[in-house]
Amino acid sequence: MATTLTKGELFAPETVSDLFNKVAGKSSLAKLAGTMPIPFNGADIFTFSMDDEVNIVAENSVKSAGAISVAPIKVAPIKIEYGARVTDEFMYASEEKQLDILKAFNDGYAKKVARALDIMAMHGLNPRTKETAALIGTNSFDTNTGVTKVTYDAAKIEENIESAIATINEAYDVTGMAMSKDFSSTLASLKVNGVKQYPELAWGANPGNVNGLPVDVNSTVSFNNSKDKAVIGDFANAFKWGYAKEIPLEIIQYGDPDQSGKDLKAYNQVYLRCETYIGWGIIDASAFARIEAAE
């Protein structure tokens, strides 16, 4: 019997790195924002609001104080999990075959983690149940009332984008935009004097950059029939996300761990379950705006 993996074993560091490289390729927020290490008990991000500008001080002159306030943002990790049944031949397969199965599981799980990050941080939902998650609270773009809303009008889509940008706190830059697929399609079809203005978005393309602005087109923006069409703002400085690097993969050989009513042994199956701790924080909601459909 192969011994490549036993119950409760952790993914190797290189596997974790590979997994989150894939996440960054599938999640709009992971693409547009920076990462930070997340300890299991969470982390505080301290931001100082300095309302005054710096002061010139002449020789022997008195130095004056500037206004300041500090607002810590708690980035608490949330545990997410995914499990799947595979044939119990996995337990008796060669190491090479086991690794093939685990690689496929890792690839699939990376896509689910990527979608989960967007769904949770954009909409405040439990990805599986599609219900509001109390654990997330106001730590999402939909549930944080400080994020400005701009009403979507397909006929004025460029004006919508400019209006959203105008509402963003001038202390921040606009470093990215996450777009729904239908929002991107509307931009792609926009013509002036018969000439397409955004040909790089044609045919469902995801060019990564439009008019010099980093963008990502993703179905997660409109997940669960959300009214959201686009989120724009300073992702580079005002949104952070991260993950705990220890990711356990458990092989369950007995019982009914997914509550399907089918005993694993009776069906010659084993259950693979992976858990990940992932966290994020909206550092300043005034650095973002949402373009959303009217009620």
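**Terms and their grounds**

Mentor: Let us begin with handedness: the crossing of α1 and α4 is right-handed. The model is predicted, local features need pLDDT of at least 70, side-chain atom pairs count only at pLDDT 80 or more, and totals for chains, interfaces and linings use all residues. Residues are numbered from 1 along each chain as its sequence is written, and side-chain values use heavy atoms, without hydrogens and water.

Trainee: What makes the crossing of α1 and α4 right-handed?

Mentor: A crossing is right-handed if the near helix is turned clockwise from the far one by less than a right angle, and left-handed if anticlockwise. The crossing of α1 and α4 meets the right-handed case.

Trainee: Why is α1 called oblique to α4?

Mentor: The axes of α1 (residues 13–26) and α4 (residues 95–123) come within 8 Å and cross at roughly 50°. Angles under 35 degrees count as roughly parallel, over 145 as roughly antiparallel, 65 to 115 as roughly perpendicular and the rest as oblique. Therefore α1 is oblique to α4.

Trainee: Which residues in α1 meet α4?

Mentor: Contact means heavy atoms within 4.5 Å. Among those in α1 are Leu19, Phe20 and Val23, and their counterparts in α4 include Tyr109, Ala110 and Val113.

Trainee: What makes β6 and β10 edge strands of the sheet?

Mentor: The open sheet has six strands in the order β6-β16-β12-β7-β11-β10, with mixed pairing. Two strands pair if DSSP finds at least two bridges between them. β6 (148–151) and β10 (209–210) each have a single partner strand, so one side of each lacks a neighbour in the sheet.

Trainee: How do you know that β6 pairs with β16?

Mentor: Four bridges join β6 to β16 (residues 288–292), and the two run parallel. Lys149 stands opposite Arg290 in β16.

Definitions and conventions: Axes are lines fitted to C-alpha atoms, for helices over the stretch in contact, and angles run from 0 to 180 degrees between N-to-C directions.
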